[in-house]
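Look at the sequence and the model, then work through the questions below.

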Amino acid sequence: MNVLDYIKQLRKLIGKMPVILVGSVVILLDDKKRILLQQRTHPHGVWGLPGGLMEPGESTEETAIREVYEETGLTVSSLNLIQVYSGEQYFTVAANGDPFYSVTAVYNTTSYSGTIKINEEEALDLAFFAKDNLPEEMIGSHLQFIKDFFSFTPI
């Protein structure tokens, strides 16, 4: 069962009660230490890390691998868990009014294979950016994940 069907079924049972949604993102660095970012279709035009929500039965690492492949066409390996983000500051109300708390596992890797291919349902563009030249319109939490990564990891 994909995650959207799962959430729709939950919403039928619980209505607008907040749920906890678990997901993963990947800070994928190329050989120049640039970060792969995705210009998303939702929210339209905003840049973020490749990743998404966990499907029932997946681990956070499996989620990260699947999501990066679905969104970029790249196969990642040798994932390193950087940190898990959760708490009140990750409470969100979706555009449709559904409230949720996100728990996000942030991984990084430099190990990937394949050719970048944009999944047009999820992305407008994919590009590598230097850490000091990130796009202005970014998902706030993803920008924080990147800043924290570079503060934890001297590169």
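**Burial, packing and pairing**

S102 sits in strand β8. The model is a predicted one.

Q: Is S102 buried or exposed?
A: A residue counts as buried when its relative accessible area is under 20%. For S102 the relative accessible area is 18%. S102 is therefore buried.

Q: Which residues is S102 in contact with, leaving aside its neighbours within four places in sequence?
A: Contact here means heavy atoms within 4.5 Å. With the neighbours within four places in sequence left aside, the contacts of S102 are L21, Y85, S86 and Y90.

Q: Which element gives the largest share of the largest nonpolar core?
A: The largest nonpolar core has 16 residues, and those with the most contacts inside it include I27, I35 and F145. Two or more residues come from each of β1 (19–28), β2 (35–40) and α3 (140–152). The largest share is four residues, and the element that gives it is α3.

Q: Which residues does I146 touch, not counting those up to four places away in sequence?
A: I146 is among the residues with the most contacts inside the largest nonpolar core. In general, nonpolar side chains tend to be buried together in soluble globular proteins. Not counting residues up to four places away in sequence, I146 touches I27, I35, L37, L49, L134 and M138.

Q: How many residues are in the other core, which lies apart from the largest one?
A: This other core includes V26, L28, V68 and F128. Its number of residues is twelve.

Q: Which residues of α3 are buried?
A: Helix α3 has 13 residues and reaches 18 Å from its first C-alpha to its last, close to the 18 Å expected. The cover over its buried residues includes β1, β2, β3 (47–48), β6 (80–85) and β8 (99–109). The buried residues themselves are H142, F145, I146, D148, F149 and F150.

Q: Which elements do the buried residues of α2 pack against?
A: Helix α2 covers residues 60–72. Its buried residues are T63, A64, R66, E67, V68, E71 and T72. They pack against β1, β2, β4 (51–53), β5 (75–77), β8 and β10 (123–129).

Q: Which residue with a positive phi follows α2?
A: The phi of this residue is near 80 degrees. The residue is G73.

Q: Which are the edge strands of the open sheet of three strands?
A: The strands of this sheet come in the order β3-β2-β10, and their pairing is antiparallel. An edge strand pairs on one side only. The edge strands are β3 and β10.

Q: How many bridges join β2 to β10?
A: The two strands run antiparallel. Along them, Q39 stands opposite D125, and R40 stands opposite A123. The number of bridges is six.

Q: How many residues lie between β2 and β3 in their hairpin?
A: β2 and β3 pair in the antiparallel sense over two bridges, with Q38 opposite G48. In the turn, G45 has a positive phi of about 85 degrees. The number of residues between the two strands is six.

Q: How many of the six residues of β2 are buried?
A: In a regular strand the side chains alternate between the two faces of the sheet. On one side of β2, I35, L37 and Q39 are buried, and on the other L36, Q38 and R40 are buried. The number of buried residues in β2 is six.

Terms used:
Residues are numbered from 1 along each chain as its sequence is written. This is a predicted model: local features need pLDDT of at least 70, side-chain atom pairs count only at pLDDT 80 or more; totals for chains, interfaces and linings use all residues. Side-chain values use heavy atoms; hydrogens and water are left out. A nonpolar core is a set of buried Ala, Val, Leu, Ile, Met, Phe, Trp, Tyr and Cys residues joined through side-chain atoms within 4.5 Å. Buried means under 20% relative accessible area, exposed over 50%, partly exposed in between (1.4 Å probe, protein chains only). The expected span of a helix is 1.5 Å times one less than its number of residues. Two strands pair if DSSP finds at least two bridges between them.
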